[in-house]
Amino acid sequence: FIQMLRSAKKRDVLELLRRAPEEMGPFIVEAAVAAQSVASLAALSDFLDFSKEPKSLLEKFLYAAAFSPRPSGELLRLVLDKLAGEQLAPEIWETGIVAMGSLVGKLCQQKLCGLQEVERGVETILRGLRGAKEEPEVVIYLLALGNAALPETIPMLLGHAEEGPTTVTTTAISALRQFPAQHISSKVKRAMRRIFHEKRKSYEKTCRLAAAEILLDNHPSPMDVINILLATKEMETEMATLLLLKVQNSLHAHHHPARKIMKDIMGDPQINNYNFFSKAGISSSFSGPLTATQDLLSTFGLDLLFLEGGFLRKSISEFSLLSHGRQLRAAQVTIEAQGMESMMEENISDGEEEPELMAGMSVIFFDVQLRPIVFFQGYTDLMAKVLLSSGEPTSVVRGNLLLMDHHQVIPLQSGLQVTIKLQGGLGLDISADMDVSIWEQELKTSMNARGSLTMDFQAELDSPFLQATLRSQTEVETSIHFDTILRLSSSPVLMCLQLREEQVPYR
C-alpha cells in the first residue's frame, strides 16, 4: 500500500483519504505518513483539520510521524504547521510536542540538524519549556527533549532534575536516560550523585532510585558503586531492597557495563555479606534473557517498588534488544501510584511533601517516549473511576508503523547492478489497566502488548539481456500479558505476578 501511495498523485491520495470508510481512515493516514512522498504529505496537509478531526485520527497521524524510521524535513514542517494554528485538545497538543521531539532527534541522527524545520522545532520546545507555568506542561516539554536527545539540552535537563518538584525531577532524569552513554558526562554524574545522596535537598524515593540507575548503568566508578551500596544502610527497607537486587542483577548480566566493577567490589567481605544483603523488603528487581543469538540478545526486566505498608508504588516492565554494543528499548511500561500512604494511613518520611493521590502510566516504545496516561488524579476522581469503571483497558498505542525502509543499488564487478529493497512494518496494540477495589482491598494492574512484524525483502538484477528477482517475506506474531494482583487485607500483603507469552507463529 505504501509503495502504491509513493507513485500516486496528490488528488488521488486526497480522494482516497476522503472516501475511506471510517474504520479504514487511520490505516490510510499511517500509510500516507510512511510513504512520505511530496504528494502524500500535501494530501495529508489538506485533509487533516486539527480543529475538527476526531482525536483518535490525529493521534494516529502524530504517532506515525514520531515512529517514522527516516523522517524528512517536510514531515516535521507538516507537524509544526498543524500544531501552530488552531486551539488544540490537550491530549493532541501533548502528543504533538512529544512527536516533534522524536522527529527532531531522528533528523539530527541523519546529520540534518541544520535544517530550518529542525531549528524551528528545537526553538518551539525550548521556548515552550521556558514559558511553561503548570507542572504537566513542563513534563511534556521535558519528554520531548528526551526524545530529541540533543547534547546541548543536557544542562537544561539537569537544572530541572535538581530543582524541580518530584514529577519534574523524575521526568528530567528519565529524559537523560534516553541519551547514549557517551553523553552521560562527569557533570551529569555529579548531579545524579547530589540527587541520590540528597546533598542539596531531600528527594522522593523514585527520584533517588532513577539517579542511582543512571550512575550504575553508565560505566560507573568503583567509588560510585560502593557509595550507593553503603547508602542502602540508611535507607528504608523497600528502597534498599530494590537497589541491592539491582546490583546483584548486574552481576549476572554478561552485557552489563558495570559487571566487572561489581565483581571486584563483591570480593570484599565487608560489603558482600549476609548483614548487608539480607534486607527483608518485598520490592523486587529481576532481569534476564528472553532470546539469545550470536547477533542479538533480547531481555525482559521487571522492577517493583512497594511502600512500607505493601502498596505498589511503581512497576516498570522493560523489553530491550542488544546488538553489537547498541541497546534499543523495544518497550518499557511504567505504572505508578502515589499518595496511597494517606489512604492507608501510613507515615510519610521526614522531609517529603505529601504527594497528591494519583495513578498513571508512561510508555517508551522503540526509544520513543509516548504521552503519559493518567488513570485517576485526586480522591474524588478515584471514587468516580471505582464506581463507574467500565472494565475496559486503556489503550496506550495502537496502529501500524513502518520500522524499516531501505533502498540500495549495488554495482557488481561484472558491470551489472543489483537493486535491493527492504521494508519492515509493525502492527501494534498496547493497552494497560489499573483497578483499585477499596471494598476488597485489592489492587490489580494489567499490561497487554500484541504485535505482528512483517518484512519484505527484494533483490532485483535488471539488464538488457537478463532479468532476475529474489524475494522473501517474513511474518512474526506475538503477544505478552503481564498482570499483578495485590491483596492488601492480609498481612503480609499477598502478591501474584503473572507473565504470559503466547505461542509465536513465524512464517
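Biologist: Which helix does Thr124 lie in?
Modeller: Bear in mind that we're looking at a predicted model. Setting aside residues up to four places away in sequence, Thr124 touches Leu80, Met100 and Tyr141. As for its own element, residues 116-131 form the helix that holds Thr124, and that is H8.

Biologist: How far apart in space are Thr124 and Asp433, C-alpha to C-alpha?
Modeller: Along the sequence, 309 residues separate Thr124 from Asp433. In space, their C-alpha to C-alpha distance is 33 Å.

Biologist: Is Glu94 buried or exposed?
Modeller: Glu94 sits in helix H7, residues 90-109. Its contacts, not counting residues up to four places away in sequence, are Ile140 and Arg371. The relative accessible area of Glu94 is 19%, and the cut-off is under 20%. So Glu94 counts as buried.

Biologist: Where does Lys111 lie, and is it buried or exposed?
Modeller: Lys111 is found in the loop between H7 and H8. Its phi is near 65 degrees, a positive value in a residue other than glycine. Most residues other than glycine have a negative phi. With a relative accessible area of 73%, which is over the 50% cut-off, Lys111 is exposed.

Biologist: And Gln36, what is its phi?
Modeller: Gln36 lies in the loop between helix H3 (25-35) and helix H4 (38-47). Its relative accessible area is 18%, so Gln36 is buried. Gln36 is not a glycine, yet its phi is positive, at about 50 degrees.

Biologist: Over to Lys10: which residues does it touch, leaving out those up to four places away in sequence?
Modeller: Lys10 has its place in helix H2, residues 10-19. At 34% relative accessibility, Lys10 counts as partly exposed. The residues Lys10 touches, on that count, are Ala39, Ala42, Ala43 and Asp46.

Biologist: What is the C-alpha to C-alpha distance between Lys10 and Leu158?
Modeller: In sequence, Lys10 and Leu158 are 148 residues apart. Leu158 is also one of the H10 residues in the contact with H12. C-alpha to C-alpha, Lys10 and Leu158 are apart by 45 Å.

Biologist: Since you mention it, are H10 and H12 roughly parallel or roughly antiparallel?
Modeller: The axes of helix H10 (residues 154-163) and helix H12 (residues 186-196) come within 10 Å and cross at roughly 5 degrees. Angles under 35 degrees count as roughly parallel. That makes the pair H10 and H12 roughly parallel.

Biologist: Which residues make that contact, and how many are nonpolar?
Modeller: H10 brings Ile154, Pro155, Leu158, Ala161 and Glu162, while H12 brings Lys187, Val188, Ala191, Met192, Arg194 and Ile195. Sorted by class, the contact has three charged residues and no polar ones. The nonpolar residues number eight.

Biologist: Which residues does His183 touch, not counting residues up to four places away in sequence?
Modeller: His183 lies in the loop between helix H11 (166-176) and H12. Its relative accessible area is 25%, so His183 is partly exposed. Its C-alpha is separated by 35 Å from that of Ala89, 94 residues apart along the chain. On your count, His183 touches Pro151, Ile154 and Val188.

Biologist: What about Thr484, is it buried or exposed?
Modeller: Thr484 has its place in strand S11, residues 466-487. Neighbours within four places aside, Thr484 is in contact with Leu312, Leu443, Lys444, Thr445, Cys496 and Leu497. Its relative accessible area is 3%, so Thr484 is buried.

Biologist: Zooming out, what radius of gyration does the protein chain have?
Modeller: The protein chain holds 19 helices and twelve strands, and its C-alpha trace spans about 80 × 55 × 45 Å along the principal axes. With 507 residues, a compact globule would have a radius of gyration near 23 Å. The protein chain agrees with that, at 24 Å.

Biologist: Last one: what percentage of the residues count as buried?
Modeller: The protein chain exposes about 25100 Å², and carbon and sulfur atoms supply 52% of that. Among contacts between residues at least 6 apart in sequence, 61% join residues at least 24 apart. Of the 507 residues, the share that counts as buried is 51%.

Definitions and conventions. Residues numbered from 1 in each chain as written. Predicted model: local features only at pLDDT ≥ 70, side-chain atom pairs only at ≥ 80, totals over all residues. Heavy atoms only, no water. Axes fitted to C-alpha atoms, helices over the stretch in contact; angles between N-to-C directions. Helix = DSSP H or I, 4+ residues; strand = E, 2+ residues; numbered from the N terminus. Parallel < 35°, antiparallel > 145°, perpendicular 65-115°, else oblique. Contact = heavy atoms within 4.5 Å. Nonpolar A, V, L, I, M, F, W, Y, C, P; charged D, E, K, R; others polar. Rg over C-alpha atoms; globule rule 2.2 N^0.38 Å. Buried < 20%, exposed > 50% of the residue type's maximum accessible area, 1.4 Å probe, protein only. Areas by Shrake-Rupley, 256 points an atom, 1.4 Å probe, with all protein chains shown as cover.
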